[in-house]
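The sequence and the model are shown first.

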Amino acid sequence: MDIYYVNSDGKKLDFLSDKIAIQDIDTLFNNEWSYSSATSMIFGGKVKKLYKGVQEKELTVSLAADSEEDFTQLCRNIEDILFFDVYKMKPGRLYVNDTYLSCYFFSSSYEEYEDLFYMTDRKFKIVTEYPNWIAERNYKIDRSISMLNAVTGYMLAGSAVLNHTALMDSEDGGMDAAYVKNPLMIPCNFKVRIQGPSEWPFLKIGENIYNIDEEIPEGSYLEIDSIKKTCILHDPSGSERNVFGYRNPDYYIFEKISPGINSVEWSDSTALEFTIYEERGEPLWS
């Protein structure tokens, strides 16, 4: 099992190393929903809504070092990596195997410090605004697929492991058609990146339209993220521009991807990069 944290600056802290050992991981696997209810004349009460709001988790680790200098450096690294995100107000990612929780480490305390052996236990508190564990599945659609693969629908735009992509030309020649697969039994969130140049980036997934009425210059890309609820145009210099106001108001641009195989159509020959967010209440065990 792999358990580690990557902060918003890309720095990594391994919680299963020769100097850090997790005491208990069961709290990371806790899965809890909140609910709102109303009084019912028949049943006495009725659950009206189930939802997940901001949640806290705890993580206790044991620290051990060979010298006072190593122990001091270890504590300094932990502080620099874990609490960097608090100052930047950008969440990092706590990984358990291939799934991650977007969160902040916001509290820590020491217990049972042994100054002769440079050992101690350290308890952390974690807060998450989005208490789902996410596995990202990244796919790419371009012009390299055969008609056979497009028809069979085997992961199609959905198998980065097998390096399959999916695309077939439509009959009218003006639109590209492909497929993207959601392997879950429920609709899932997504991120899609449309590379420029594109004068009118029309995009349709299943029955929903995700187009933005704004040109994407060459070297730029448009990114739509249904979790963050953002539509951002990125230019080659690294600048970002919010283009949410240029969406098609007749369709919900953050509509989740339906389970199974969904047709994909877009108006340009540029590549589409998909990220399917497979969300779970607890991380994957392996």
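A residue is called buried under 20% relative accessible area, exposed over 50% and partly exposed in between, with a 1.4 Å probe and protein chains only. The model is predicted: local features need pLDDT of at least 70 and side-chain atom pairs count only at pLDDT 80 or more, while totals for chains, interfaces and linings use all residues. Residues are numbered from 1 along each chain as its sequence is written, and side-chain values use heavy atoms, with hydrogens and water left out.

## The chain as a whole

Three helices and 20 strands make up the secondary structure elements of the chain; helices (H or I, at least four residues) and strands (E, at least two) are DSSP runs, numbered from the N terminus. The chain has 286 residues, of which 42% count as buried. Contact here means heavy atoms within 4.5 Å. Among the contacts in the chain with a separation of 6 or more, 64% are between residues 24 or more positions apart.

## Aromatic rings

A pair of aromatic rings is described by the distance of the centres and the angle of the planes. Rings of Phe, Tyr and Trp (its six-membered ring) pair if their centres lie within 6.5 Å; planes under 30 degrees apart count as stacked, over 60 as edge-to-face and the rest as tilted. The structure holds eight aromatic pairs. One of them is the stacked pair of Phe15 and Phe105, with 6.0 Å centre to centre and 20° between the planes. Phe15 belongs to the loop between strand S2 (12-14) and strand S3 (20-24), and Phe105 to strand S8 (residues 99-114), so this pair ties together parts that are 90 residues apart in sequence. Phe15 and Phe105 are both buried. Another pair is that of Tyr252 and Phe254, which is edge-to-face because the ring centres are 5.9 Å apart and the planes are at 85°. Phe254 is buried, with a relative accessible area of 5%, whereas Tyr252 is partly exposed at 44%. Ring pairs also link Tyr5, Phe15, Phe105 and Phe124 into a cluster.

Arginine side chains lie over two tyrosine rings, Arg93 over the face of Tyr100 at 4.0 Å from the ring centre and Arg193 over the face of Tyr221, also at 4.0 Å from the ring centre. A charge sits over a ring if NZ of Lys or CZ of Arg is within 6 Å of the ring centre and within 35 degrees of the ring normal.

## Selected residues

| Residue | Relative accessible area | Class |
|---|---|---|
| Leu233 | 10% | buried |
| Glu278 | 7% | buried |
| Asn182 | 1% | buried |
| Pro236 | 62% | exposed |

Leu233 is part of strand S17 (residues 230-234). Leaving aside neighbours within four places in sequence, the contacts of Leu233 include Ile216, Tyr221, Leu222 and Val243. Pro236 lies in the loop between S17 and strand S18 (240-242). Beyond four places in sequence, Pro236 is in contact with Glu218, Gly219 and Ser220. Pro236 and Glu218 are 18 residues apart in sequence, and their C-alpha atoms are 8.7 Å apart in space.

A polar contact is a pair of N or O atoms within 3.5 Å; within protein, one must be able to donate a hydrogen and the other to accept it, and residues adjacent in sequence count only if both atoms are side-chain atoms. Glu278, in strand S20 (residues 272-280), has a side chain joined to that of Arg137 by a polar contact of 3.2 Å. Arg137 is also among the residues in contact with Glu278 outside four places in sequence, a list that includes Trp133, Pro183 and Leu184.

Asn182 is found in strand S12 (residues 176-182). A polar atom of the Asn182 side chain lies 3.0 Å from the backbone oxygen of Ile186, and one lies 3.0 Å from the backbone oxygen of Ile257. Not counting residues up to four places away in sequence, Asn182 touches Ile257 and Pro259, among others.

## Cysteines

A disulfide is a pair of cysteine sulfur atoms within 2.5 Å. The structure holds zero disulfides. Cys75 is buried, with a relative accessible area of 13%, and Cys231 is buried at 1%.
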